[in-house]
Structures are given as structure tokens and as C-alpha cells.
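Thanks for coming, everyone. Please bring the structure up on your screens. I'll be quick.

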Amino acid sequence: MNPHVLTTLLISLGLGTTITFSSSHWLLAWMGLEINTLAIIPLMAQHHHPRAVEAATKYFLTQATAAAVLLFASITNAWLTGQWDIWQMTHPVPLTMITIALALKIGLAPLHSWLPEVLQGLDLTTGLILSTWQKLAPFALLLQIQPSNPTLLIVFGLLSTLTGGWGGLNQTQLRKILAYSSIAHLGWMILILQFSPSLTLLTLLMYLIMTTSTFLTFKLTRSTNINTLATSWTKAPLLTALTPLILLSLGGLPPLTGFIPKWLILQELTKQDLALTATLAALSALLSLYFYLRLAYAMTLTVSPNNLTGTTPWRLPSIQLTLPLTITTIATLSLLPLTPTITTLLTP
């Protein structure tokens, strides 16, 4: 892609998210989401491959539907209450519609089916943007509205954690596995959103760090399915030794970073007398942990086939900038001792 076009698209991505962050009016928020969507479509289809074009088309149709519902709900709220401010969303009908529209935008279950298919058709760099940056603007809106039906968020959260666990069990494509991982983590964030917004922000921050390091690791080793993970040891021995720890951090095992949000969320849910919800969420984490362990096993304890197809990728030098990978990997492996400091900073 032409560098000037790429720069314009990346600036538009940042602009769309910033407009949504800073807006207090529903039309401005909607406009920021639309700029965001239109900026990432060319990035998705830049390889001119049928699978990439299919993914871009599915993403566009899904986001257009969610944006139309959001705009209709905000107009309905203005008609019923006379208010356009995000903070003044008080009527239960448009509030429920907007919650559903934002759930569709970020890929919460049961509105998740587009996310694995879209992510599978993208390269790892665009997939990283879709899994991280594109979640920020809808989450900013979710944090600002007060849901009239708290049960809806709990149902979305539980369904997402369970779907993210079950869906990733039978997958062999890494991008689909990361998509189901994203759905599961989003479920944890939505579960705690109405009780502790600061804890949702902490979970989102940890998810961004861990997902970035995972995507950059797979990009460095050029891995797109479980079978190609076996060639990682020859390409990057030290990184391959650390990658199982990154994956287990995504699964939420102590003493790694991913343990922080799950532990605090379960603690907060029990304080809210939601012991059954906390139990189901903890059990769904075991489902996710299984396919992370499966990836770790394939990467470290299996040997790749010793043929021309298997050995050729080892000899190709990597041109990826490794500093972002280094920073996110260190953060993924070592942020647990800083939990008290981080939670103090995020508590209003």
C-alpha cells in the first residue's frame, strides 16, 4: 500500500476513536464510529485476496447494521426525552437498543459470529488493530451509559465467556482462536462493567497488552495455524520459550499478568451476591485455558516435519520491528506485582 494512503488511513483510525472519546453528543459519537469503520475497510482489503475482500465485506455490513441501530436508538431517545447527550440516555427502550448495537460492534455473544470469520480473512497486523484499537470507541460509549437492564449485560457477559471457551476448542487456525479469546475476554469486561467501571478499564488494559504480544509473536514467527507453530523454535528460540507464558497469561494463570483481572472480577462478583455468575465465569476460564495449553504444547513439545516445506521458513530473516514485542512481552509476564499500584491509579 502507498505510504501516504496508509498514513491517511491510520490517522483516520485515530481520529475516529478520538472523536468518539471526546464527544458528549450521540451524533458526534456515531460519526467517530463511522470514520473508524471506513478507515479500516481499505486496510482489510489491501491484499486483494478473495478471503480478505470477503472479510472486509462482512465487517462493513455488520458495522453498518450496528451503526444504523445506534443512530436510530439515539434519535428515538431524542424524540422521547428531548436529549442528545450521551449522559442523558434515560429511556429504557433506546438504552437497550444502543447496548445491543455496541455489543454487535465489539463482537459480544450472541452477536459474535462475524468476528472469527472476519479475523480469519485478515493478515496479523490488521487483525491486531481489529482486536485492540477497534474495541476502544464502543467501550468508551458503554462506560458512559448506565444500562437500564443490568441483567442484559450479565447475560451477554456469561454467554461471551462460555462461547469464547467452547468456540476455541476445536480450532486449528490461530486467528480464529484469538478471535474466540477476544470474545471470552470481552465477556469478563462486560460482566463487571456495571459494578466497577475501573475494573473494566483494568481488564481492557491487560487484554490489550497480552493480545498485542500474542499477535506480534505469531507475526514474527509467521505462524497462522497450529501446525506451523512447531517451526518457531528454530526461528526464535528465546521467544518460543517465553510464548507459553504469554499464552498462559491470556488464560489467567498466576503468577502472570492475566490472573489480575480474573481474580479481581471474581472477587467483585461475589461481593455483589452473584456467586453463581462468578462460578460459571471461572469454569468458562478453564475452557479457554485448554486451548491456550494446546497452543503451548504445539509450540514447545512437538517437532516440525523435516522436509523442504518445513525448513524453508527457518532461513527467511525477519524484518519485523521487535521493540513493541519486547515491551508487551515483558509487561505480559511481569505486571502482577504492580497490581495494587494499578488498581489505585484506576480507582476514581
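This is a predicted model: local features need pLDDT of at least 70, side-chain atom pairs count only at pLDDT 80 or more; totals for chains, interfaces and linings use all residues.

Now take helix α10, residues 197-220, and helix α13, residues 259-271. Their axes come within 9 Å and cross at roughly 160°. That is over the cut-off of 145 degrees, so α10 and α13 are roughly antiparallel. The crossing of these two is left-handed. Who touches whom? On the α10 side we have L199, L202, T203 and M206. They meet I260, P261, L264, I265 and E268 of α13.

Next pair. Helix α4 covers residues 92-106, and helix α8 covers residues 150-167. Here the packing angle is about 15°, and the axes are 11 Å apart. Under 35 degrees counts as roughly parallel, so that is what α4 and α8 are. This crossing is right-handed. From α4, the contact uses T96, T99, I100 and A103. From α8, it uses L152, L153 and F156.

On to the loops. Most peptide bonds are trans. Where are cis bonds found here? One joins A109 and P110, with omega about 5°. P110 sits in the loop between α4 and α5. Another cis bond joins P254 and P255, again with omega about 5°. Look for P255 in the loop between α12 and α13.

Backbone angles now. Most residues other than glycine have a negative phi. H48 has a positive one, near 55°. H48 is in the loop between α2 and α3. Is H48 buried or exposed? Exposed: its relative accessible area is 69%, and the cut-off is over 50%. R222 also has a positive phi, near 55°. Find R222 in the loop between α10 and α11. R222 is partly exposed, at 42% relative accessible area.

Last stop, the rings. The count of aromatic pairs comes to 3. One of them is F291 with Y292. Their ring centres are 4.8 Å apart, with 55° between the planes, and the pair is tilted. Buried or exposed? F291 has 0% relative accessibility and counts as buried. Y292, at 1%, counts as buried too. Finally, look at W188. The charged end of K262 sits over the W188 ring, 5.3 Å from its centre.

That's my tour. Over to you.

Conventions. Residues are numbered from 1 along each chain as its sequence is written. Side-chain values use heavy atoms; hydrogens and water are left out. Rings of Phe, Tyr and Trp (its six-membered ring) pair if their centres lie within 6.5 Å; planes under 30 degrees apart count as stacked, over 60 as edge-to-face and the rest as tilted. Buried means under 20% relative accessible area, exposed over 50%, partly exposed in between (1.4 Å probe, protein chains only). A charge sits over a ring if NZ of Lys or CZ of Arg is within 6 Å of the ring centre and within 35 degrees of the ring normal. Axes are lines fitted to C-alpha atoms, for helices over the stretch in contact, and angles run from 0 to 180 degrees between N-to-C directions. Helices (H or I, at least four residues) and strands (E, at least two) are DSSP runs, numbered from the N terminus. Angles under 35 degrees count as roughly parallel, over 145 as roughly antiparallel, 65 to 115 as roughly perpendicular and the rest as oblique. A crossing is left-handed if the near helix is turned anticlockwise from the far one by less than a right angle, and right-handed if clockwise. Contact means heavy atoms within 4.5 Å.
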